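Let's take a walk through this structure together. Keep the sequence and the 3D view open as you read.

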Amino acid sequence: MNPAPASEPLVLGIESSCDETGVGIVRGTTLLSNTVSSSMDEHVRFGGVIPEIASRAHLDAFVPTLQESLRTAGVTLDDIDAIAVTSGPGLAGALMVGVCAAKALALASGKPLYAINHLVAHVGVGLLDMSGNRMSGNRLPDNLGALLVSGGHTEILRIRSITDDVELLGSTIDDAAGEAYDKVARLLGLGYPGGPAIDKMARTGNPKAIRFPRGLSQPKYMGTAEEPGPHRYDWSFSGLKTAVARCVEQFEARGEEIPVADIAAAFQEAVVDIITSKAVLACRENGITELLLGGGVAANSRLRELTGQRCRSAGITLHVPPLQLCTDNGAMVAALGAQLVMAGIGPSGVAFAPDSSLPVTTVSV
Amino acid sequence: MLILAIDTSAVASAALISDDAMEGVVDSFATEDTRSHAEVLAPGIEELLAGAGVSSADIDLIVTGVGPGPFTGLRSGIATARTLAFAWNKPLRGLMSLDAIALEVAESTGAPAEFLVATDARRKEVYWARYTLRGGQLPELADGPHVGFAADLPELPVYGAGAGIYAEVVKADEDFKDTQPNAASLGQFALALLAAGRELPDSTPLYLRESDAQVPGPRKRAL
Ligand SMILES: [Zn+2]
């Protein structure tokens, strides 16, 4: 197994932590291909991702996705310098498919394999050269933070070094924000996935019509900057979901029509308000001056708008990668893999185990 | 003819099978436990190839066990086999995993003309299939594979770890009560079938159970 070249390495990245089978290829910080096969349609009738269905879909999608990604990039397996794969966090059975496939690929090709952290990969994608991307190139800005919001995660991170120094400042203590969207969309009969459905419906509603609770915002959880409470930068969305359910029930009990648009708008406002206020607070109190927004919920128009506004007034520069790189994909895995190779960090070998709760402090295994 | 066989329907295992080798098996490995497939399979295959001095160019065919078996473990072998076949540009075939035990039964002394093979399906159930044996020939699958309670199996001698677990309710064969499907026997079976001019199926997994997902019912209205 030859070590990969330290500059401009050609890296193939594999992602299978949730319902997207992704294979992406980068050369250094240049994106060559980003092929994604999603099993989202198969989860619609269940109103949420079913792990076993996602895992079955990964198994059948992997080789075709790999083939297509190589074809798009115009490279062969022989040309590749290193392989990177998401080894966690994520759904255990889903991770297993990508990890086994990646190991087989490493074994077959003799290329070094990097087992990497999915959350950090969401940040790594920001380093790819793209028009309008000020983070492009090999260097991350100093004082960088990342706000990751998706169906599987809601986190605020501080990144001192993308390859070996990432800190979790706060996260959801129950549902991910995207999960809350899915559950509320179901309550309102708006279909799956909930994010786009609620975002669209909310545009015609009044966000001030109903006031829903902001989780973990009470002083006992927040504390002060000097004496932080136990959940100063954490989120909770399960109480909000319950509040929406109660609200819908009350309208029904009174025999009134349910004001779906107003509830959607008020729910979305509650989610977006608490996410952005806590994220900006965490940035201000931790000297973060540049914030990357990642994860599928970055597509949400209100989240982008309010994050932009609040970052501007706090003097924080906001970076939002193109949407197809915000959702789960293989290119972000390849992008982080390339950073590890360029930093001279050693590969993981083929004996590691996937870890569904891999901590964000573990950038590579 | 050199076959790389892989099976992870219960334990993780791989084998190199050749019609030139004694008894057909060049070398093989199998784990004892049923839960570490993702860690041990790739290193195991790597060592297997290195130990036998075999390179990808020497391999003619990859054969994977397609189950039935616990899903996550089963997929790790199929994902590995499919990816190796793609990367090395080799043909890939699948074989029902219970066949591996059936072949071992056929080669044992005193094998009955009709028997069952059973493995652990968890949730108090077994994966099972019925085989028939005509003197000196390969075992023929007569029924199955199925998944169900051990107590509901036909009244025939039962071979394999699935019988061992439920020995109080089935006629478990003592010598086979811990036997799991393994790649060495599976590969030998594949080689024998090919020699007999038979076709092998593709690598589609035999899950036998649905995903367990429930379509949520309509929300209860507050009245
Ligand atoms: Zn993600």
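**A walk through the two chains**

Start at A:Asn143, which sits in the loop between α4 (118-124) and β6 of chain A. The phi angle of A:Asn143 is near 55°, a positive value in a residue other than glycine. Before going further, please note that this is a predicted model, in which local features need pLDDT of at least 70 and side-chain atom pairs count only at pLDDT 80 or more, while totals for chains, interfaces and linings use all residues. Residues are numbered from 1 along each chain as its sequence is written, chains are lettered from A and ligands numbered from 1 in the order in which they are written, and side-chain values use heavy atoms, with hydrogens and water left out.

Now follow chain A into its sheet. Five strands form an open sheet in the order β8-β7-β6-β9-β10 of chain A, with mixed pairing; two strands pair if DSSP finds at least two bridges between them. At the edges are β8 (165-171) and β10 (317-319) of chain A, each pairing on one side only. From one strand to the next, the twist averages 25°. Strands β6 (residues 144-149) and β7 (residues 154-161) of chain A are antiparallel and share six bridges. One residue pair to look for is A:Leu144, whose bridge partner in β7(A) is A:Ile159.

Helix α10 (residues 301-313) of chain A lies across β6, β9 (290-294) and β10 of chain A, and runs at about 175° to β9(A). Such angles run from 0 to 180 degrees between N-to-C directions, with axes fitted to C-alpha atoms, for helices over the stretch in contact. Contact, here and below, means heavy atoms within 4.5 Å.

Elsewhere in chain A, look at A:Pro193, in the loop between α5 (177-187) and α6 (194-202) of chain A. A cis peptide bond joins A:Tyr192 to A:Pro193, with omega about -5°. Chain B has a cis bond between B:Gly67 and B:Pro68, with omega about 5°. B:Pro68 lies in the loop between β4 (61-65) and α2 of chain B.

Chain B also holds an open sheet of five strands, in the order β8-β7-β6-β9-β10 (chain B), with mixed pairing. Its edge strands β8 (140-148) and β10 (171-172) of chain B have a single partner strand each, so one side of each is left without a neighbour in the sheet. Strand β7 (residues 126-132) of chain B runs antiparallel to β8(B), joined by six bridges. Within this pairing, B:Tyr131 has B:Leu141 of β8(B) as its bridge partner. Helix α3(B) packs on the sheet and touches β6 (114-120), β7, β8 and β9 (157-159) of chain B, its direction making about 135° with that of β6(B).

How do the two chains meet? In total, 32 residues of chain B are in contact with 36 residues of chain A. The size of an interface is often given as the accessible area lost when the parts come together.

Two salt bridges are counted between chain B and chain A, each being a side-chain nitrogen of Lys or Arg within 4 Å of a carboxyl oxygen of Asp or Glu. A:Glu52 pairs with B:Arg75, the closest N and O atoms being 2.9 Å apart. A:Asp60 forms a salt bridge with B:Arg82, with the closest N and O atoms 2.8 Å apart. This pair crosses from helix α2 (residues 51-73) of chain A to helix α2 (residues 71-88) of chain B.

Terms used. Helices (H or I, at least four residues) and strands (E, at least two) are DSSP runs, numbered from the N terminus.
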